[in-house]
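Reader: I am new to this structure. Could you take me through it and tell me what each term rests on?

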Amino acid sequence: MEQPVKKGLDLNRRPMPKQAVEVRRRNFEEVALGYDSRLAMEEAARCIQCKKPGCVERCPVEVDIPAFIQAIAEGEFERGVRILKSKNSLPSVCGRVCPQEEQCEGGCALLKKAAQIAIGRLERFLGDWEAAQPDLMMPEIAPPTGKRVAVIGGGPAGLTVAGDLVKLGHQVTIFEALHKMGGVLVYGIPEFRLPKRIVEREVEYLRRLGVKMVVDYVVGKTRTVDSLLEEYDAVFVGSGAGLPWFSEMPGNNLNGVYSANEYLTRFNLMRGYSFPLVPTPVKEHVRVAVIGGGNVAMDCARTALRMGAETTVLYRRSREEMPARLEEIENAEEEGVIFRYLTLPTRCVGDERGWVKGLECIRMELGEPDASGRRSPVPLPGSEFFLPFDAVIHAIGNSPNPLIPQTTPGIEVGRKGNIIADPQTGKTTKPRVWAGGDVVTGAATVILAMGAARRAARSIHEYLTNPSEW
Amino acid sequence: MFTIFENRMIVPNVYQMTVHAPDVAQSALPGQFVIFRPEEDGERIPLTLADWDVQAGTVSVVYLNVGRSTAKLASSKAGQTLPTVVGPLGNAMEIDRYGAVLCVGGCYGIGSIYPIARALKAAGNTVVCVLEARSSFLLYWQEKLRAVSDQIVCLTRDGTSGKRGHIGSLAEIIRTLPMRIDRVILNGCNYLMMRGSQETLPLKIKTIVTLNTLMIDGTGMCGVCRVSVNSETKFACVHGPHFDGHQVDWAEVTQRRKAYLQEEVIPLRTTQPL
Ligand SMILES: Cc1cc2nc3c(=O)[nH]c(=O)nc-3n(C[C@H](O)[C@H](O)[C@H](O)COP(=O)(O)OP(=O)(O)OC[C@H]3O[C@@H](n4cnc5c(N)ncnc54)[C@H](O)[C@@H]3O)c2cc1C
Ligand SMILES: Cc1cc2nc3c(=O)[nH]c(=O)nc-3n(C[C@H](O)[C@H](O)[C@H](O)COP(=O)(O)OP(=O)(O)OC[C@H]3O[C@@H](n4cnc5c(N)ncnc54)[C@H](O)[C@@H]3O)c2cc1C
Ligand code: SF4
Ligand code: SF4
Ligand code: FES
């Protein structure tokens, strides 16, 4: 599908203004400052408005990308927001955290010329522009239906379901286990990548639409799903994948060894970067190891770096295989995070007081591509070596928390503890219970969680408006 | 927001607090805990449910003022609110008809064993409570505990109440009791639970402890509460907090509990308001 190259094609992808490296590596403020309207309009003008846009095909929620970009190019930001929000209710979030190089931008016709349109940055621009307007654009809300829906979990999935259903006139209550709404967006992803005020703003918007929110409420403990079903017509489970994995090696219970969740939660949810002004303690480490190569690993590494530690990411494959967003890998490299590829830690070594003092590692070699197409790493015998660290963070993955499946008879789970749900409707094996997001897919992405939530909301709405046909 | 109904010092440095949390009270079971956040931006601290009242919609905890967060709690007054009271978390204590059960409580554990003793008694067990303290003026809730047990043994280091001794005298106490003890439940600081477990090991009596680990979320999300039990890693908040005291790696529990010792002292040392 060759695109005709138009005359005057502008291949100059506008760079993202950022905090200078030397400044940002010592603060927790947002790294990327965002396009102003001039930069946004220039970047938008580069889009060649493909008839069969490859970008849209690659967006999990099929945002009408050429249309919103056109609106920006014409300076009609309000129209752009409307187009965007009809598919994606959290543009300020997705514009910042979507892995665009694999999704929308990966399908852009200009990619071949290394000049793909900065779709994510334009999306973020519109989201932020809307938030800066004095009057929030409030959507129309359908007349009350009298139906009640309980949503478990205040992450992207739960927020999306709640927003969609409240607009359709249903009464929605979100139950969140932690003391703040937002899920991974508040406890995991750091301030320097996604400022918490953006999440708060989206939560506040839903509150104004009439969504009720109950924090400090652990479904399965404070109250079971079955008991919620007595009071609500439908239940949506969006409880995420919050159970941390530790790579299997001796020494993981030494002091100074963290799960990524613990490390990030101390800093983000509990605001540990302000300790001792806030009471949740964090430790000052000198040399920090982060095991893993995804977004979570980048977030841990860049947090540790900002706390003044020399920080090394240990990844068992090579840079090309790293699953983290390219932009964040580059940011981490610029900031001075050290990367050791083809390295597998095999043991945490402790001192006599029970604190970690380093990692025993082995070098890896990339073998033949495996079923997933990725070349799988194999250890090189005899290449063992030791690296000194006073903190080790495991960022190798998470799986769904078993709390809800364990306390909900009739809900089927897969081998990895994920709730089984129909990908088209989100319906689980239990009547009147839907699920979506990481709890179904295992740790994935914000936009996939939102897409699943949107489909579930549609199915819940069908059920609520026509229960007899179910 | 959760309203404080009552907060008072019951013996020096030990407080009893009752808060309005009807959903927690409704689901509470003996041996479960709650997480309190004493202030906005505050730390999340686990405290055992010492009592609850479904009708009034309240839960009660007994806590020792040891650091920044418990000091903040101690300074709160009835009528004020707490931003977070979440629970009930953790597993309930296993309650069955065992025969004769010894419930040992020290410090805040005297409060923690109350609902357990009550449930064990209701299940038809003979319940003996051992209350351990440095001195008689640190003992509390004897009346409450007497009402749910068959016998109370006070154990003080200075002998000002009951027997003179400490947790290290547990085996001897068990030997002098008129009945055979089928199960021991230990609740208090980690030292008490470790030392008590050592005492019951040679007697081959099943011993359950309620581990006091660091915690953040209390739902299995962070893993800071990891402990080794029978050489397997467990999360105290979701797999526990009750474990077989003979299988716990106590050295590890003790070390991990101290991870933030230095940091926790900072706010206590400074004279600046934090
Ligand atoms: C550090 C980190 C960085 C990431 N970076 C990116 C990125 O750059 N781009 C990207 O697209 N994705 C990223 N992800 C993944 C993304 O955040 C998740 O895929 C997404 O948040 C999933 O949304 P969710 O709503 O399904 O679950 P979550 O965001 O996990 O939300 C689940 C919520 O449910 C609550 N909950 C759980 N159990 C209960 C219960 N029993 N009762 C009540 N509430 C409960 C939890 O407290 C939580 O708030 C990252 C993840 C992490 C951890
Ligand atoms: C499942 C569970 C149930 C618990 N139940 C109770 C309870 O019912 N009542 C209660 O008082 N506590 C209980 N704890 C302990 C309680 O959570 C801590 O005492 C509290 O977090 C201390 O917070 P802080 O900020 O005041 O002190 P920190 O600043 O965290 O600690 C100050 C110093 O005191 C030490 N310390 C902490 N706790 C104790 C202790 N109990 N005895 C002696 N030294 C200590 C710490 O190691 C630290 O050095 C429980 C813990 C768990 C895991
Ligand atoms: S939602 Fe994500 S994938 Fe879709 S257009 Fe926006 S940034 Fe791209
Ligand atoms: S963003 Fe790229 S693929 Fe999409 S319409 Fe514009 S030029 Fe075409
Ligand atoms: S307290 Fe976080 S997992 Fe147990």
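Author: Gladly! Chain B is assigned domain 1 (2–89) and domain 2 (100–257); such bounds come from an automatic or database domain assignment. This is a predicted model, where local features need pLDDT of at least 70 and side-chain atom pairs count only at pLDDT 80 or more, while totals for chains, interfaces and linings use all residues. Residues are numbered from 1 along each chain as its sequence is written, chains are lettered from A and ligands numbered from 1 in the order in which they are written, and side-chain values use heavy atoms, with hydrogens and water left out.

Reader: How do you know which residues of domain 1 of chain B and domain 2 of chain B are in contact?

Author: Contact means heavy atoms within 4.5 Å. By that rule, 20 residues of domain 1 of chain B are in contact with 23 residues of domain 2 of chain B.

Reader: What makes the area between domain 1 of chain B and domain 2 of chain B count as buried?

Author: Buried area is the accessible area (1.4 Å probe) that two parts lose on being put together, summed over both. For these two domains of chain B that comes to about 1700 Å², with 67% of it on carbon and sulfur atoms.

Reader: Why is the meeting of Asp51(B) and Lys144(B) called a salt bridge?

Author: The term requires a side-chain nitrogen of Lys or Arg within 4 Å of a carboxyl oxygen of Asp or Glu. Asp51(B) and Lys144(B) are 2.8 Å apart, N to O, so the pair qualifies. Across the interface of domain 1 of chain B and domain 2 of chain B, the rule finds 2 salt bridges.
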